[in-house]
Amino acid sequence: MRDVFEIRGQDAAGRLGTLSVPRAGLAVETPALLPVVNPHLQTVAPRRLADEFGAEILITNSYILHGSDDLREEVIERGLHDLLEFPGAIMTDSGSFQLAEYGEIDVTSEEILAFQREIGSDIGTPVDIPTAPDVDRERAEEELRTTQERLERAECFDAGEMLVSAPIQGSTQLDLRTEAARHAYGTDLDVFPVGAVVPLMNAYRFDDVVEVVAAAKRGLGADAPVHLFGAGHPMLFALAVACGCDLFDSAAYALYARDGRYLTVRGTRHLDELDEFPCACPVCTEHTPRSLRSELNRERERLLAEHNLHVSFAEFRRIKAAIRSGKLLELVETRARAHPAMLDGYRALLEHAEWLEASDPASKDAFFYVSGESVLRPEVGRHHDRLARLSVPDRLLVVSEGVPANTEGADEVWSLRPPFGPVPPALSETYPCNAELPSRLDVYAYEAAADGVAALAMAHPETEIRVVHDGWPASSLSRLPECVERREEESTDSSATAVEESQ
Ligand SMILES: [Zn+2]
């Protein structure tokens, strides 16, 4: 067990946790956002990040400090926390990004790790090789070998109390990502960044981001804190947390502000195209888009960066509250409506329902059915699996709620409830069968319910199942097995009673 990371709550594959950072003597609550601070250009002062935005941890680049004529000696002398005047934990990157951008850097992995330890970094990073998406197999394998050698050497490095991260590469070759994760997890390194996904995010390939993260998670134990490197856009946070990412860094708040771009949880807007601010942060309540446009460049950039940070931290608070109340997938579902590519990301996540099922809590407050994707949530599959384990009488009547049916000859009467299917009376008021559904249901909910009936029939072939439905669409009825007798709303005669009365 890794003792630096403790999980305190789960929803889907998302976790609430605590990352212990021994060198800083702090415990950081996760999921956490690490604002990226450029030591030369502090758009928002680190002290303010802690005091006004609640940042417990930030990330800065040790390679920039190492190569800086004016800051290198100063940071060695004063230490990183004093130089940046930041009271929280500080993670440092190593120059891998510069390596990917410019093709070479002038330090070795050991040199930069030693420098990070010397300046007082709390979480250091070796120099890995960030392999871009879609490269050929040979290159992905070769670069991964180099990354793995460097992780093995980093493991031998005397880091003192500094935690050391173990980046996971492998491009878009999913089996390599899993292998890389397994190897990294096998070292005694502490934090696991999933690297080189920025090009995927920039291209709006959010489904590929989910696949890459899922592949990495397959190779990691549950006690591994996972960092999604470079994921700084608030529209992505809920989805990435639901995939099991715990740490995020944002350079986006400052980089986007420099270009006059305004972040929202639904995407990016340009300041020039806004008439109103759809936000209640201090910047947006004290300014209008027009007044902000008239500010001097530096001031406008700072204010936009502050808005971008407020939006980002607010989304993290929302995500944490959603995990606590079992509503994370509903938040992701809402975010998925903002862009077709986000919907692809959400659907890709739901394709891993089995994996989500393993960590998703069995009981929550309420299941809200809000779109056709809801049928793919782990709760629905879990109910279908459970049907096989329930004891079932010889003759079972399954009836849509509120529909009169002739109960004569039935040993038991169960509800027929989309998207779950057959629900015995004992479960009808428990999670998730007590779901809130729209009265105008889509066809997917009926089809999933029919699949539930089919699962029950297959698990209990000896049982005679009769279904009375309230006008189900043909596409769902066609999914019922032949052996299930089905009827639409039976008219009751004198011997029949409404289902409600019979229960
Ligand atoms: Zn705002």
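Two residues are in contact here if their C-beta atoms, placed from the backbone, lie within 7 Å. Keep that in mind for the views below, which come from a predicted model.

View 1. On the α6 side, look for Ser 109, Glu 110 and Leu 113; they meet Arg 150, Arg 153 and Ala 154 of α7.

View 2. The order is β1-β2-β3, and the pairing is antiparallel. At the edges are β1 (5-11) and β3 (26-30), each pairing on one side only. On average, neighbouring strands here are turned by 15 degrees against each other, ignoring direction. Zoom in on β1 and strand β2 (residues 14-21), and you'll find 6 bridges between them. Asp 11 is a handy landmark: it stands opposite Gly 14 in β2.

**View 3. Five strands make an open, mixed sheet.** Reading across, the order is β16-β15-β14-β17-β18. The edge strands are β16 (421-423) and β18 (485-488), each with pairing on one side only. Neighbours in this sheet are turned by 30 degrees against each other on average, direction ignored. Strand β17 (residues 464-469) runs parallel to β18, and 4 bridges join the two. To find your place, spot His 469, which stands opposite Glu 488 in β18.

View 4. Helix α20 (residues 443-459) lies across β14 (395-400), β15 (412-417), β16 and β17. How far apart are the end C-alpha atoms of α20? They are 24 Å apart, which agrees with the 24 Å that its 17 residues should span at 1.5 Å a residue.

**View 5. Helix α20 is mostly covered.** Of the 17 residues in α20, 12 are buried. Among them are Tyr 446, Val 453 and Leu 456, along with several alanines, including Ala 445 and Ala 457. Glu 447 and Asp 451 are buried too. And what do the buried residues of α20 pack against? Their partners are the helices α19 (378-389) and α21 (474-477), plus strands β14, β15, β16 and β17.

Note on methods:
Residues numbered from 1 in each chain as written. Predicted model: local features only at pLDDT ≥ 70, side-chain atom pairs only at ≥ 80, totals over all residues. Pairing = 2+ DSSP bridges. Axes fitted to C-alpha atoms, helices over the stretch in contact; angles between N-to-C directions. Expected span 1.5 Å × (residues − 1). Buried ≥ 20, exposed ≤ 12 C-beta atoms within 10 Å, placed from the backbone.
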